[in-house]
Amino acid sequence: MRMVSQSSKKIHAIAAKTTGKAEETIIQQDNGILDLHRNAVYCGNGDKDYKLPHIKFEGKIIYILGYSSRDKWEMVLGAQFGCVYIDEINTADIEFIREMSTRNDYLLATLNPDDPSLPVYKEFVNRSRPFKKYANDVPPEIMAELTEEPVPNWRYWFFSFTDNLSLTPEQVEKKKASAPKGTKLYKNKILGLRGRATGLVFSNFERARHIKTKEWAKRFLNSDRKSEHFIQFTAGLDTAYSQKSPDTIAMTFFGITNKGKCIQLDERVYNNAELQTPIAPSDTVRNFIDFLDRNREEWGFARTAFIDNADQATITEYQKYKRQHGCIYDFANAWKKTKIIDRINLVLGWLATDCYFVLEHCKNTIAEFEIYSWREDKDNTPEDGHDHCINSGQYAWLPFKNIIGKILLELKKMGLINRMADTIRTGLRNFLHITKAPDRTITVDETSNHQTECFTNRIWYWGNSRQLSQLYTQLDSDKTRFWSAECTKGLKIRKIHTGLPALICDTLANIVIADYNGTEVTSKNTTAYAERWAEIEKENKLAGVIKQMLLDLCVVGDGAFKVSFDTAVSDVPIVEWYPAENIDFTYVRGRIREVKFYTDYTQNHRHFRFEETYGYGYIRYVLYDDNGREVDLHTVKALDWIDSNGVTFDTSYMWAVPVIYGKSCHKGIGAGIIGIKTDAFDSLDEVWSQWMDALRACRTKQYVPECLIPRNPETCQPISPNPFDNRFIAVGNDMSENGNGNRIYTESPQIQHESYLSSYITALDLCLQGVISPSTLGIDTKKLDNAEAQREKEKTTLYTRQNLVELTENAMQSLVNAVLNADSELNGKGIVDGIEVSVNFGEYANPSFESQVETVSKARQGGLMSVETSVEELYGDSKSDDWKAEEVQRIKEEQGIASEKETSSFDDLAGLTDE
C-alpha cells in the first residue's frame with residue numbers, strides 16, 4: 001500500500017485465486033488492508049464508475065481480481081497498472097502471470113513451496129536473487145535452484161515462522177508439531193522447501209542422505225580389493241524426438257560397488273524443444289559415444305550401454321555407426337521384462353537401505369526424484385513425464401540388479417561359499433558326478449491386500465450380480481474369469497449369481513447357533529458370578545452376537561470381541577463384535593498382544609477414523625482425519641466421553657478376545673470359507689449362466705406367414721407380437737397357385753441338458769467339497785433315506801460344525817473371563833478367581849429315538865452299560881438330573897435290583913451304651 005501511495009498511476013491491482021479469497025486473507029482479515037488503512041474503502045460489488053470489485057485509496061483505484069476465472073481477469077487486459085500484488089502466485093494461471101508481469105511498474109508476489117517443475121519457477125521465481133545480507137536466511141536447497149538468468153532488482157525473500165510476529169512461540173511449536181517429521185508435508189509446510197506434498201513416487205529420497213559429491217565417489221576408484229570399490233560400470237539412454245513437447249534425450253552413467261552400492265556418476269540431457277536444430281538419431285549416436293568416452297576417462301569402462309528398445313531408429317543408427325567406424329562399446333536393448341512398479345519398489349528399497357546415490361551435479365535426475373508422482377486417476381501407475389533420467393538409469397542398472405543392495409549381496413556371498421564347499425566335496429567323490437540345480441529366486445506379486453480380500457468376500461456373500469460385475473472390472477484379476485470377462489461388442493450374456501456362498505455361511509451359522517444352549521458360570525463360593533453373567537448375556541443378546549461372529553468367521557476369517565462400559569447405554573459391560581475389516585492384530589513373538597478396533601465417523605462433511613488399541617492392562621485412543629493426520633479426540637462430538645489418557649487395569653488380561661478361523665496367506669489372520677472357494681463359485685456361476693442362456697436361446701420358435709398373422713378386427717392391421725402369449729416370426733407368403741406353403745411351422749431346438757447338468761453338479765461339488773454336505777443345503781436329498789443314511793451324508797457338515805463349535809467354546813470361555821474380570825475391577829473388587837465356564841451345545845443330526853433305544857437295549861443286555869449310563873445316553877440334556885435319578889430308581893425297582901447301604905459289624909453295637 002506504501003508503493004500504491006507513492007505511485008503516480010491511478011489504477012492498481014490485487015489478484016488472488018478468487019475475489020472471495022482476496023477478501024478473506026488480504027482485505028478484511030485482522031491486520032488486513034481495511035484494518036491498517038482506515039481511509040481505504042472497499043466496494044465489493046463495484047460502483048457506478050468501476051464495475052469490478054475495487055478498493056478506493058487516496059484517490060486511487062485498486063482492482064480485486066480472481067485469476068481462477070479467465071473471463072474476469074481478461075476484462076482488465078489492455079490497462080497499465082502502477083502496482084500489482086499476486087497472492088500465491090504458484091497456483092495462478094501462468095498466462096495471467098505473463099500478462100500482468102508486463103503491465104506494471106511494481107510487482108509483488110507471495111507463494112508457498114510447490115512443485116519445482118511449474119513454469120512460474122523457471123520464468124519468474126528462479127530469476128530473482130536475495131539481498132546478500134539475507135542470503136543465509138534462504139535454505140541451501142532453494143538457493144541451489146535459483147539458477148536462471150537473474151533480472152536486475154528482482155528480489156527473493158524467504159520468510160519462516162520466526163518472521164511472523166503475530167505468532168507466539170507456543171503457536172509456532174504447535175504448527176511445527178502438526179506435520180509428521182520426515183514427510184513431504186513437513187518438508188513443504190514446516191521447512192519451506194519445494195516439492196510436491198503428496199503423490200510422490202520416491203517419497204523417501206532425501207537430499208542430505210542420497211546426494212553425494214564427486215570426492216565421495218572417487219574413493220571407490222581404488223585398487224585395494226579388500227576395501228569397497230567399483231566392480232561394474234554401466235550406462236543407459238532414454239530417447240524422444242520432438243520440438244513441441246518437453247521430451248528429453250537422457251544419458252546416465254552408473255557405478256556399482258562390491259558392497260552393493262549403486263551410484264549415478266553422471267548425466268547428460270538434451271531437450272529438442274530448447275534447440276534451434278533438433279537432434280536426430282544420428283546426432284544422438286555421436287553424443288552418447290562422447291558421453292561414454294568422457295566417463296570412461298574419469299570413472300571406468302562401461303562396455304555395454306542399454307538403449308530404450310522403443311526407439312529402434314537410434315539402435316539402428318548405433319549398429320550402422322559401429323559397422324562403418326568401429327566402436328569399443330556394445331549397444332543393447334533395454335531390459336523391460338521387469339515391470340515399472342517392480343523397478344520403483346527396487347529403488348525405494350535401495351534408498352531405504354542407503355544403497356542408491358546420485359552425485360550432486362546430476363541436477364535433472366535430482367529434480368525428477370523430487371517431482372516424479374503417481375497418477376491421480378489410476379492406482380499404482382506413475383505419471384508419464386518427469387521420468388526420462390529415471391528411465392535411463394533403470395535401463396542402466398536393470399541387468400545388474402542382483403548385485404545391488406546389502407541383503408542380496410550377503411545372500412550371494414553365502415551362496416558362493418556354499419557352492420565352493422559343494423565343489424570340494426564333489427571333487428572328493430570323483431566316482432559320482434552330481435550337478436546341482438542353480439538357486440532360484442521366486443517372486444510372487446500379491447494382487448490384493450487383506451482389506452481388499454475382505455471386501456471381495458463380502459461382495460460374494462451379499463450375492464448381488466451387479467456388485468460382482470463392478471468388483472471384478474476394478475480388480476487386477478485374470479480377465480478369463482467369468483465375472484471379469486467382457487462380452488464381445490454387440491453381444492450380451494446374462495450373468496447370474498447362484499447365491500451359494502451366502503447359503504453356505506448362513507446355514508453353518510444357523511446350525512451352530514441352533515444348538516447353542518447358553519454359557520454357564522459356576523463358582524464354589526458364590527452364585528453371584530453366575531447371576532451377573534446371566535444378566536450380561538441377556539442384556540447384550542449374546543446369542544445374536546455369536547451368530548454374527550460365526551457369519552463373519554465364515555466370510556472374512558477373523559474378528560474380535562470388544563468389552564466396554566457406557567452407563568448411558570447399559571448398567572452392565574457392553575460386548576461388541578468387530579469383523580476383520582475393522583480390526584488389526586499386533587503380534588509379539590507369535591502371540592497377539594494388542595487388538596486395534598477401528599470406527600469411522602462423519603462430521604461436517606469430514607471423515608474421521610477412531611482407533612482403540614486394547615492391550616494387556618491398557619486401552620489407548622487415537623483419532624485420525626481423512627488425511628491420516630492425528631487430531632484431537634474431541635473433534636468428533638460422539639467421542640466427548642473419552643479421556644485422552646486412556647484406561648488402565650490389571651496387566652494379566654485385556655478387554656478384547658480375538659477369534660481366528662483358518663489360516664490366510666497373510667500371516668497372523670484368518671481365511672474364512674469364501675476366500676478359498678471364489679474360483680469354484682465363479683465356475684458355478686458361469687455354468688448356471690450358460691445353461692440359462694442356452695434355455696433362452698432355445699425357446700420354441702413359431703414361423704407364421706404374413707397372410708396368417710392375427711389381425712385387429714377393427715383396423716385389419718397385424719397384431720404386434722407379445723413375448724408372453726403371442727410370440728412368432730413372420731415369413732413371406734407362398735405365392736404359388738395352390739398356396740400349400742402357407743402353413744404355421746413350430747421349431748423346438750434341443751438343449752444338451754445332460755451335459756449342462758453334469759457340469760453343474762461337478763462345479764457344485766467343488767464349491768461344497770470339504771465345507772458342507774449337499775444334503776444339509778437340501779440338495780439331492782432322497783426322502784426315503786433313513787436316519788442313519790442321513791447322518792452319513794452329513795459327515796462333512798459335522799466336521800465343519802465341530803470346528804466352529806470348538807472355536808466358539810474357546811472364544812466364549814475367554815470372553816466370560818474378560819467380561820467378569822473387567823466388571824469386577826470396575827466395581828473395585830479385583831480379579832475374579834475360582835470360576836468355571838462351560839459352553840453348552842446340543843448334538844446335531846441325532847439318530848432317531850427308536851434307533852437309540854435299540855442300541856442302548858443291546859448294550860444293556862450284553863452287560864456293557866449300566867442303568868445310569870443308558871438313561872444318560874437316551875435323554876442327555878433334554879431332562880433334568882433329578883428326573884433322570886428318579887427314572888434310574890424306577891427301572892431298578894421294576895427289574896428287582898435292590899440297593900442297600902453297606903454296613904459293618906460295628907453298626908450292630910450302635911444300640912449298646914456304657915453303664
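Two strands count as paired if DSSP finds at least two bridges between them. Helices (H or I, at least four residues) and strands (E, at least two) are DSSP runs, numbered from the N terminus. The structure described here is a predicted model, in which local features need pLDDT of at least 70, side-chain atom pairs count only at pLDDT 80 or more, and totals for chains, interfaces and linings use all residues. Residues are numbered from 1 along each chain as its sequence is written, and side-chain values use heavy atoms, with hydrogens and water left out.

**Hairpins**

Strand β18 (residues 591-603) pairs with strand β19 (residues 606-615) in the antiparallel sense over ten bridges. The two strands form a hairpin with two residues between them, and N604 in the turn has a positive phi of about 55 degrees. Within this pairing, D600 has R609 in β19 as its bridge partner. β18 also runs antiparallel to strand β17 (residues 583-588), to which six bridges join it. V588 is bridged to R591 in β18. β17 and β18 likewise form a hairpin with two residues between them, where R589 in the turn shows a positive phi of about 55 degrees.

An open sheet of three strands has the order β16-β15-β23, with antiparallel pairing. β16 (574-579) and β23 (656-660) stand at the edges with a single partner strand each, so one side of each lacks a neighbour in the sheet. On average, neighbouring strands of this sheet are turned by 20 degrees against each other, direction ignored. Strand β15 (residues 558-564) pairs with β16 in the antiparallel sense over six bridges, and A560 stands opposite Y578 in β16. Helix α26 (residues 795-826) lies across β15, β16 and β23, running at about 170 degrees to β23. Contact means heavy atoms within 4.5 Å. Axes are lines fitted to C-alpha atoms, for helices over the stretch in contact, and angles run from 0 to 180 degrees between N-to-C directions.

**Salt bridges**

Side chains of opposite charge can pair when their charged atoms come close. With a salt bridge defined as a side-chain nitrogen of Lys or Arg within 4 Å of a carboxyl oxygen of Asp or Glu, a search of the whole structure finds 34 of them.

| Pair | N to O distance |
|---|---|
| R207 and E145 | 3.7 Å |
| K322 and D330 | 2.6 Å |
| R629 and D625 | 3.4 Å |

R207 lies in helix α10 (residues 207-210) and E145 in the loop between α7 and α8, so this pair ties together parts that are 62 residues apart in sequence. Relative accessible area sets the exposure classes: buried is under 20%, exposed is over 50%, and partly exposed is in between (1.4 Å probe, protein chains only). E145 is buried at 17%, whereas R207 is partly exposed at 26%. K322 is partly exposed at 26%, and D330 is partly exposed at 27%. D625 is buried at 6%, while R629 is partly exposed at 32%. Salt bridges that share partners also join E95, R98 and E123 into one network.

**A nonpolar surface patch**

F131, Y134, W157 and F159 form a nonpolar patch on the surface, with about 440 Å² of accessible area together. Accessible areas come from the Shrake-Rupley method with a 1.4 Å probe; for residues, only the protein chains shown count as cover. Patches are made of residues with over 30% relative accessible area and no salt bridge, like charges being joined within 9 Å and nonpolar side chains (Val, Leu, Ile, Met, Phe, Trp, Tyr) within 5 Å. W157 is found in the loop between α7 (140-143) and α8 (169-177), and is partly exposed, with a relative accessible area of 43%.
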